[in-house]
Amino acid sequence: MITQNITHKLSESIIDTIGSTPLVNLANMVEEKKFNLYGKLEAANPGGSIKDRTSLFILKQALENGRIKKGDTIVESSSGNMAVGLAQACLYYGLQLVVVVDPKLNSHTEKILKTYNARIERVTKPLDNGGFLGARLERVQWLLNTIPNSFWTNQYGNPDNPLTHHSTMTEILDALHGKLDYLFVATSTCGTLMGCADFIYENNLNTKIIAVDAVGSVLFGGPPLKRLIPGHGAGVPSQFLDTSRIHDYIYVDDVDCARGCWSMLEKEAILCGGSSGGMISAVRKYADKIGEDSNCALFLCDRGERYLDTIYNKKWLLRELPESKSAFTPLGGW
């Protein structure tokens, strides 16, 4: 009988399991390419997304600095993942949570939030200048003015958002022994994007960071357009974005996101979320600019189960994104 001396870490609580996610070799996605591609599996966080990190770090800093205390109410605007991350952490720390959402919130995430006993505030009409995000932020301000002992975690402007991802970058670099040539990051608040970019700049690394933005997002100066896939892009400018620290950016549309998701499922057996699919498509679009033997990484930001009614629903695709039928063939066919 062969025995192995394996030491398993004891986690003191559920929040102690956030972070230290696996970096997965996505070799099947780049079979014909001459570079390496790795995915940071943020779905392995207990709440299912990269926003677990952000939620925990912001709340811990606020608790330690005395800005909030047990029993206070946290208010945040979210398209889904930040809300779930906060719901878990708030429940653990004894905080109340009110999340402001819009019609793009998917039903699976809504069920999760209600199970965590989060209060959901829903906006139904976009602002003429600012879209649904602008409408959500307007509602946040109203809630802060009406709820006693309330605190806005403000993922859109709190400097603890980007600071969260200095440790994320350390994890990636440790796994790749310091050799990371390209990092693809989906935009939204730009907290993850700029946290990684700032770390690269401050440590004088050679890593080129590529922002992956949504067609219809205003972050890089494009016109605001209707977008169906939540979690990337934005209807208002980012308070974090510093384009001087971004090597390049690339746009992906909703069909690109769906195509990338189905490709990842078929080739790697990974059920990933919409922004992850967008980054896969972005890597393919950018592939000719990537040098031979380069190490490239991207974030697999969340779990695909939250998109079973949309991206992974063929009827939904044919109804909402009919061009999908000519763009790709999902696993099992149409």
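At 36% relative accessibility, Tyr249 is partly exposed, a class that lies between buried (under 20% relative accessible area) and exposed (over 50%), judged with a 1.4 Å probe on protein chains only. Tyr251 is also partly exposed, at 28%.

This is a predicted model, in which local features need pLDDT of at least 70 and side-chain atom pairs count only at pLDDT 80 or more, while totals for chains, interfaces and linings use all residues. Residues are numbered from 1 along each chain as its sequence is written, and side-chain values use heavy atoms, with hydrogens and water left out.

**Aromatic pairs**

Rings of Phe, Tyr and Trp (its six-membered ring) pair if their centres lie within 6.5 Å; planes under 30 degrees apart are stacked, over 60 edge-to-face, and the rest tilted. By this rule there are seven aromatic pairs. In one of them, the ring centres of Tyr182 and Tyr286 are 6.5 Å apart and the planes stand at 65 degrees, so the pair is edge-to-face. Tyr182 belongs to strand E7 and Tyr286 to helix H8 (residues 274-286), 104 residues apart in the chain. Both Tyr182 and Tyr286 are buried. Another edge-to-face pair is Tyr249 with Tyr251, at 5.8 Å between centres and 85 degrees between planes.

Ring pairs also join Tyr182, Phe184 and Tyr286 into a cluster.

**Strands around E8**

Helices (H or I, at least four residues) and strands (E, at least two) are DSSP runs, numbered from the N terminus. Six of the seven residues of strand E8 (residues 208-214) are buried. Strands pair if DSSP finds at least two bridges between them. E8 runs parallel to E7 (residues 182-186), with five bridges between them; Leu183 has Ile209 as its bridge partner in E8. Five bridges also connect E8 to E9 (residues 248-252), again in the parallel sense, and Ala211 is partnered by Tyr249 in E9.

E7, helix H6 (residues 191-202) and E8 form a right-handed β-α-β unit. Right-handed means that, with the strands pointing away from the viewer, the path from the first strand over the helix to the second runs clockwise.

**Cysteines**

How many disulfides does the structure hold? There are zero, where a disulfide is a pair of cysteine sulfur atoms within 2.5 Å. The sulfur of Cys257 is 6.8 Å from its closest cysteine sulfur, in Cys261, which is too far for a bond. For Cys296 the closest cysteine sulfur is in Cys196, 15 Å away, also too far. Cys257 is buried at 0% relative accessible area, and Cys296 is buried at 0% as well.
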